[in-house]
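Hi,

Here is the structure I promised to pass on. Please have a look at it first, and then read my notes below.

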Amino acid sequence: MLFFTFSGICSCFSQELLTDTITVTAKPVTNTLPLKIDTIKVKEKSSVHVFPNPAKNKVEIEISGFERGYVKIQLLNNAGKIIREEKRQMFSEKETIIFMFSETPGLYYLVLRQGSKMLKNKLIIQ
């Protein structure tokens, strides 16, 4: 009983009495600038991954960031001469193309072109 009485007295002293009231007046916010939201399409950076590398007679070319349409694939030797060239249709922005060849072992370059985009990747043929 003594505990309840003492805790009641302490709680009365710990509370503050608020006698003043605060009046807040808010002004309506008006937007003077026209609010316009544009949808911005973020372009993905183009990239090419070739595997397996080194390869024997075929590679899988994983392409991303190109537009739908034709992509020109060129196989160049170390001197820069075009050994093989193909046009392939892309139906989405990310695709995997199987590219087959029968070339002698050595260092080659795969070049992919579409419009003004050009990506180059080294390829080692065993």
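A residue is called buried here if its relative accessible area is under 20%, exposed if over 50%, and partly exposed in between (1.4 Å probe, protein chains only). By that rule, buried residues account for 25% of the 126 residues in the chain.

Two notes on the source: this is a predicted model, where local features need pLDDT of at least 70 and side-chain atom pairs count only at pLDDT 80 or more, while totals for chains, interfaces and linings use all residues. Residues are numbered from 1 along each chain as its sequence is written, and side-chain values use heavy atoms, with hydrogens and water left out.

The chain has one helix and seven strands (DSSP runs, H or I of at least four residues for helices and E of at least two for strands). Read from the N terminus, the order is α-β-β-β-β-β-β-β.

Now for the rings. Searching the whole structure gives one aromatic pair (ring centres within 6.5 Å; planes under 30 degrees apart are stacked, over 60 edge-to-face, the rest tilted). The ring centres of Phe 99 and Phe 101 are 6.2 Å apart with the planes at 45°, so this pair is tilted. Both Phe 99 and Phe 101 are buried.

Best wishes

Key: Phe/Tyr/Trp six-rings, centres within 6.5 Å; stacked < 30°, edge-to-face > 60°.
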